[in-house]
Amino acid sequence: MDLYQAKDIVREHFGRLKFSTAFLDLALEQGRSTIEKHGNFWWMKSEKDFTLTINLATYPIKTVGGLNLPNFKDARWLNWREPSGTRWEPVTLGTVDKEELDLHYATTDTGSPEIAIIENATLTIYPPLPNKAYNMRFYIYQWTDMPSSNLSSDDLLEFFPMALVYSSLAWGYEMEVKDIQVASYWRALLGGQPFGRGGELAKIKQEEK
């Protein structure tokens, strides 16, 4: 299903209320967000290459001055390699708390990346003083945007278009129309009862396995 087709379905349900195009776009965006809150799905995978700065351990993930990943949701994996190397090595990520790492490493410890944590949307590398400009590859899940063209599609629209339609209608009826009963009907089609255990969401989660 292309984006315009999903918009047409949602528009048909809200047509008598004369909602604007801006509202339709917002409903679809919120519908996508609702789906992506319930899992890290394959279409959300991405990666980011960056270079460590010598003697700098902390890297804000979302800001332009950091890794510039404003849609970051969750980490998958982190690798490093020598500045002139060709082979990646893994960095242990997210298995130890910062408090423990601060006790284990001295503030003057140098070397190649061994372990990393994410706290307050900041990636921190240990040992805390990288001694070279190591190449890094950060594998992540990120929140996704709608296709830029009404004539285009993506994996969510192609394989589970009704999940997006149901989610968008549930959001619209609850947040804009203030009709909780109708919103609950569409939400049940999206996620079953209890929510998240059935409906289109269950089909997506099954595909992910």
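## Overall dimensions

Of the 209 residues in the protein chain, 38% are buried (under 20% relative accessible area, with exposed meaning over 50% and partly exposed in between; 1.4 Å probe, protein chains only). The model is predicted: local features need pLDDT of at least 70, side-chain atom pairs count only at pLDDT 80 or more, and totals for chains, interfaces and linings use all residues. Residues are numbered from 1 along each chain as its sequence is written, and side-chain values use heavy atoms, with hydrogens and water left out.

The radius of gyration of the protein chain is 21 Å, whereas a compact globule of 209 residues would have one near 17 Å (taken over C-alpha atoms; the globule rule is 2.2 Å times the number of residues to the power 0.38). Along the principal axes, the C-alpha atoms fill a box of roughly 65 × 35 × 30 Å. Seven helices and 10 strands form the secondary structure (DSSP runs numbered from the N terminus: helices are H or I with at least four residues, strands are E with at least two).

## Nonpolar cores

The largest nonpolar core has 30 residues, and Val10, Leu28, Ile35, Trp43, Leu156, Leu169 and Ile204 have the most contacts inside it. Such a core is a set of buried Ala, Val, Leu, Ile, Met, Phe, Trp, Tyr and Cys residues joined through side-chain atoms within 4.5 Å. At least two of its residues come from each of several helices, including helix 1 (3-14), helix 2 (21-36) and helix 5 (161-175). Helix 5 supplies the largest share, eight residues. Apart from this core lies another, of 17 residues, among them Tyr59, Phe72, Leu78 and Trp80.

Beyond its neighbours within four places in sequence, Leu156 is in contact (heavy atoms within 4.5 Å) with Arg32, Ile35, Trp43, Pro161, Leu164 and Ile204.

## Helix 7

Glu200, Leu201 and Ile204 are the buried residues of helix 7. They lie on the same side of helix 7 because they cover an arc of only 105 degrees around the axis, based on the directions from the helix axis to the C-beta atoms. These buried residues pack against helix 2, helix 4, helix 5 and helix 6.

Glu200 has a relative accessible area of 11%. Not counting residues up to four places away in sequence, Glu200 touches Phe160, Met162, Ala163, Tyr166, Leu189 and Leu190.

Four strands, in the order 2-8-7-5, form an open sheet with mixed pairing (two strands pair if DSSP finds at least two bridges between them). Strand 2 (58-60) and strand 5 (92-93) are at the edges with a single partner strand each, so one side of each has no neighbour in the sheet. Strand 2 pairs with strand 8 (residues 122-126) in the antiparallel sense over three bridges. Tyr59 stands opposite Leu123 in strand 8.
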